Amino acid sequence: MTQSPLTRNIQGNGPTDILAYEASGGYLAARDNIGKADPADLLQLIKDSNLLGRGGAGFPTGMKWSFVPPADGNGHRYLVANADEMEPGTFKDRLIMENDPHQLIEGMLLSAYTLAADVGYIFIRAEYHLAIARLRSAISEAEQKCYLGDRILGSKYSFHLQVHISAGRYICGEETALLNSLEGKRATPRAKPPFPQVSGLWGRPTIVNNVETLCNIPHIVNHGANWFKSLGKGDNAGTKLFGASGRVKNPGCWELPMGTSIREILEVHAGGMQDGYMLKGFLPGGASTDFLTPDHLDLPMEYEAIQKAGSRMGTGLMVVLDDRACPVGMIANLEKFFARESCGFCTPCREGLPWVQGILDKIEAGHGQAADLEVLERQALFIGAIGNTHCAHAPGAMEPLVSGLKYFRSEFEQHIHDGRCPYAGES
Amino acid sequence: MKSELINALSRAEIDAIEAEITHLPDRKSAAIDALKIVQSQRGWISDDSLSAIAKLLNMSAAELDGIATFYNLIFRHPVGEQVILFCDSVSCWLMNGEKVCSKLQRTLGIQHGETTADGQYTLLPVTCLGDCDHAPAMMVGESLHHDLTVDNIEAIFK
Amino acid sequence: MPTIKVDNQKLVVKDGDNLLQALLSAGIDIPYFCWHPAMGSIGACRQCAVVQYAGEDDTRGRIVMSCMTAVTDQARFSVATQSADQFRKSVIENLMLNHPHDCPVCEEGGECHLQDMTVMSGHSVRHYEGKKTTYRNQYLGPFIGHEMNRCITCYRCVRYYQDHAGGHDLNAFGSRDRVFFGRVESGLLESEFAGNLVEVCPTGVFTDKTFSKHYTRKWDLQSSPTICQGCSLGCNTYTSERYGQLRRVQNRYHHQVNGYFLCDRGRFGAQFVNAESRIRQAGIRNSQGLYDATELKTAIGIARSIISNASTIKGIGSPRASLESNQALRELVGQNNYSNGMTEVEQAMLQKIIDVLRSPIPTPSMMQTEQCDAVLVLGEDVTNFAPRLALSLRQATQNRAKTLALGVHIPLWHDAAVREIGQTDRSPLVIVTPTEDRLDEVASHVLRLAPDNIALLGDEICHAIKDEDNGTASDNVSSVAREIAGLLKQATKPLIVAGTSLQHPGILQAALNIAITLNQQNISAGFFACASESNSLGVAMLDNQHSISDIMAEQPETLVVLENDLQRRLGDRFDASLAGIKHLIVLDHLDNPTVSVSTLVLPAATFAEAEGTYVNNEGRAQRSFATFNPAGDITPSYELLDQLRSVKRHIDEIHHVIANSIPTLAGIVAAAPAASFRIEGAKIARMTHRASGRTAIDANISVHEPTPPMDDDSPLVYSMEGQHEQAPANLRAYSWAPGWNSNQSNHKFQQEVGGSERTGDPGILVLTGGGEIKTGDVTLTHRRLVPELHIFGSDELTNSAADLATLVTAPYLRMHGTTAQSLGVVQDDGVSFEVNKQRFSFAVIVDDSMPADSLAYPLIPATVVLTNLDDIQLSKAESWTKAPASGQRMITTDRSQ
């Protein structure tokens, strides 16, 4: 049994076609369970496995699934893979989809069967052309072998899977905005409750899961909950695709046990900082996570541990800030992104983020004033709590800002005092 | 009137859109798919294209345009033969992306949102392309280019 | 009933409400923008934030949006706590970042919800130093102004326009802090209910352009509670005036009738009061056929002498004139010489309507129809005949979604969730009309039938309800009838809608039969009748004995006509009918064909200048109060008519006379308080306490303060010196409460948000049961010509509102393709016909969806000749110029600013 189930087929040379996928044990779980296993048992298995969502929120997958009501026979039930990977610093789902598309398909098949879902969508971002082509080809192969479509593997169960290509906008990665986009509408998030399990796609029961989450399912079904739990080093079960980008020697993405330390990821796998650069800080899980510092290097990458340290594990791919890049500039870049990607529905995000962006640009350009920091803090309080806004986009935007003000305040003050960015001229 | 406007769409476009609709509970759910199909043929969505698609889907032009103008990859202005999507998110920024993009702008002689005089390229910013271990990155049409530097960017456009 | 704790107050609240509704109902001021009492909550603006505590030990709490929070028993909240207070201030602060400094020049100022909520929140210091987003505005038609820079992106406009009113040409474009609300391009807003945008929008993005043309601040306006004169529904309005000119009409909330919305005819049509064609002086026709303007006293004297010397005298009243005026005419000429101004057919149909209103058959109010879960409309093009009803019927189709929502515990105020779960699943709405109908798009069944066939279908439905096989109908008709009967029988609250617009008694009878039969089967089916004018029911109840034809048949020497253009009903017989009349005395507001052949005309006051009682289609008697004193010789008709027999009495006396002589109208006395009504000695103010300039207005003439005009007729005053806040709803002249300068203040006067007025809903239902009703025979008319009603064009008075007049269609004949072919014409050609040796040419509209044998024409002034005709010989018009648009609406002038 592999220690790296998610990437076991990824050699780096093209995707696994269905024959190779089957040869390495693929679709075994499907053949053993579709039309045979009791979906209730499969649901319990996923609950027991302690699998947490891999898209950033870390919500227990089994629990999420358990909120789907029993089938009422009044229409479709949907399973959607969130392949809209656009969180800055994140590039893990691309890896799996381009290089082992059948893993996602099998994961969706087993999940859909557990949920009594009959229609599936892979909502994929438009720019992932290669992944789209490979997924479509894989779906076609799977259909030909009766893993998808009507009466799968001779059973009564049907599951039709399709790739749906987005038309842009980061907010489509928010699960309810994704649903609206799939329905052909503007991608404004929905208020919850009601949850997608009750009223999702076209008002029907729907589950949205991240690609990586779904890819874990075949392995859990094959090897069991205990096996899955044993893969993790600490409190969290399974493996995770961790990664790093920025001025590290070897930026990339690797499947490692949950609970691997940040130090190991950065120093061993990412090779440490490039020559001439020092680590100043990092966002552990993408743009919408709080900064951590070299003081936090020995923390395990686990949801609770990172949360206790004042940040979030998020997607698990780190964005590394080096000592020659301006933290104010970095945060300004982040807030420009967040402001641009606002859907425009609620006041704090729509109006508040551009103001924050403007102030950061001003400070970075050397025109900042002390009062600007007060405004930033006040806006952060206004925007930064879930519940203040319609969705988690703007609160996410405030995480790098608030933590940046906490850890790099002196740098902000220096910009204001000096009337210039001290890093100007660094290349 | 309706048939005239729908005839503004090609047979292939109509067939492709109808194929999408077969998977959906109603016609207007194909709005975004339809916009992308027509845009893939014409490069952008003109007012006429928009009206024709709306008529085909039994929507008003306003309903469809409200959707079209939400999405950054639906172009409601003419674009060049190829659209350059240059990532301006944080990992590319950390890896000198802004300077590389400036070099590109000087090379092509255009700013963000503009099209080269020969109609070949339109330059647009884009949110993280999911290629951060090879930052800075950009797409030119459907091709992904990465590990860009101020030295190697020019060659891509020769 | 849950109990919640808010700060230190315990509140008993209504189960199913959201917290914002509960707090506002309890009189607690919470700011909000995107929530609307008629449209529910979406949680966009974040302005209504309060703090919710998890338990007794939770001292910090968390911010929640009260509009999106259900009230649950023992829940604890705080409004006043610092974190909530600061949050609400920040919302205002952030909304203000891009808001233009327009207040001094913005139409909304002084009744602006944004201003009010800004003051309420307490935010006052501006820290933003950046630039403001600006937009380009669009021309949206003659009624609605557009100023996007003022937008706070609350999404109310598109939610109202698309979701509530079903419009398709207004949308939100773009995203982030650059959302644009408008059309794909400049042009007339297509919805007939677009006007409500000016009240739905909490800022000055969408404003009343007819008001802007001659603008006054709300605090300077003089207003009164009025009843819309546009149709028979009796919507309540506030009419406002300044400097002797009607300025604007706004919605006046009525829990049962119109709720929060009006139609565009009502909102913008009242400008007829300012029309150039107003009759402002008495006139006597001279030998050259022109009118000599005459002093009123003189004209009255001459008229008196004509009347006293008349060998025969008759009077024709009007369904668009008040009860008081009709009664005064009736007394002047004598009961046996009076007609209420309608045709025999109309009178018979109105009698049927009166009968059903008096019977045990449920007759829901217009707002109550929104609860009906299956609706059958027989014959009426509601959007164009009883427009406001169409808005309610659209809401009725949403009952299916509401049922689905409740089934999965989605509260009904959670607007987006209810719509999502409902998808396109609608409650059944069956539209059976001869030609295309605006409600077709939300209907479950659409049937295009000639009027006689509509009646026959109705008859067949009745048989199907009783599971009878009539045997005479075709299989097709039978099966459709069975399907419709099934829908009605399965519903909890089915509704039948019918009316008088097609002048077809058989359709009305068939509809009544259906309602009666359903009720006989213990299905609580409601009946809703549409009539044509504001007082059709009232005058039918007053005196339904003689039709216009009865009167004209007697060829009176002297005829007194009250506010009625007889050509509308006499059609091609108009000239002949009036030819023999020696003295035609006409009282009216506007020049019209009847006025043009009169011998003496008296200047009648409009609804805005005179008190009047009107009974609407559901038998609700409502009092409309004068907004301003009419200028010069313009006088209320009832007063003029009394003067013609040298009588002077108070309008309240007329109420008593009517009440004493017509038992069914006894209730009109209580429709509003009498002139003697006082609140602690004070009358009711028409003007606000901030009204300015009263003494300065005429300072150039004299510095001495003029006495304000007296109003002896009503308990209202033509000044600010009176009560406002305690005024009963039927006397309230405008909506205002401390801190709530806009019409959002109306919740302060409701028992609970969206509920009845604290002081009682205005008006009295005068027909309330006790009567019997039986099914009757369904008769046919065998007519080929079908009138098409137009919201802009079919109503006599509103046609003279300057801006509305630009939207009246050119005349056309709508025909099936086979008819067109037989005439050798195609779309946009012209057809001609001759009546009374006069040639008429109309545009051709070819419509294959209409019944092949029918011929439809718009009911507008240009087609009045067709009113009583059926057999016209059509031929292709030679040298016909195509009209710019294909016959529906034409804007003759682009008034883009």
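The model is a predicted one, in which local features need pLDDT of at least 70 and side-chain atom pairs count only at pLDDT 80 or more, while totals for chains, interfaces and linings use all residues. Residues are numbered from 1 along each chain as its sequence is written, chains are lettered from A and ligands numbered from 1 in the order in which they are written, and side-chain values use heavy atoms, with hydrogens and water left out.

Let us stay with Trp65(A). This residue is buried, with a relative accessible area of 2%, where buried means under 20% relative accessible area, exposed means over 50%, and partly exposed lies in between (1.4 Å probe, protein chains only). Contact means heavy atoms within 4.5 Å, and, leaving aside neighbours within four places in sequence, Trp65(A) is in contact with several residues, among them Leu43(A), Ile46(A), Ser111(A) and Ile217(A). Trp65(A) can also be compared in position with Val319(A), which is 254 residues apart from it along the chain, the two C-alpha atoms being separated by 31 Å.

Chain A as a whole comes to 17 helices and 8 strands. Its radius of gyration is 22 Å, close to the 22 Å that the globule rule gives for 427 residues, so chain A is as compact as a globular protein of that length; the radius is taken over C-alpha atoms, and the rule is 2.2 Å times the number of residues to the power 0.38. Taken along the principal axes, the C-alpha atoms of chain A fill a box of roughly 75 × 45 × 35 Å. Buried residues make up 66% of the 427 residues in this chain, and among its contacts between residues at least 6 apart in sequence, 69% join residues at least 24 apart.

Most residues other than glycine have a negative phi, and most peptide bonds are trans. The peptide bond from Pro193(A) to Pro194(A), however, is cis, with omega near 5°, and Pro194(A) is found in the loop between α8 (175-182) and β4 (206-210) of chain A.

The peptide bond from Ala135(B) to Pro136(B) is cis, with omega near -5°, and Pro136(B) is found in the loop between β2 (121-126) and β3 (138-140) of chain B. Asn58(B), in the loop between α4 (47-56) and α5 (61-68) of chain B, has a phi near 60°, a positive value in a residue other than glycine. Asn96(B) has a positive phi as well, near 80°, and its place is in the loop between α6 (90-94) and α7 (97-108) of chain B; at 24% relative accessibility, Asn96(B) counts as partly exposed.

Turning to chain C, we find a secondary structure of 26 helices and 35 strands. With 897 residues, a compact globule would have a radius of gyration near 29 Å, and the 28 Å of chain C agrees with this. Its C-alpha trace spans about 90 × 80 × 60 Å along the principal axes, and 64% of its residues count as buried.

Within chain C, strand β13 (residues 282-285) and strand β14 (residues 291-294) run antiparallel and are joined by 4 bridges, two strands being paired if DSSP finds at least two bridges between them. Ala282(C) stands opposite Thr294(C) in β14(C). The two strands form a hairpin with 5 residues between them, and Gly289(C) in the turn has a positive phi of about 85°.

Just after α3(C), Gly122(C) takes a positive phi of about 90°.

Finally, Thr500(C) lies in the loop between β20 (494-499) and α17 (505-520) of chain C, and at 2% relative accessibility this residue counts as buried. Leaving aside neighbours within four places in sequence, Thr500(C) is in contact with residues including Met349(C), Phe385(C) and Cys530(C). The C-alpha atoms of Thr500(C) and Thr635(C), which are 135 residues apart along the chain, are separated by 32 Å.
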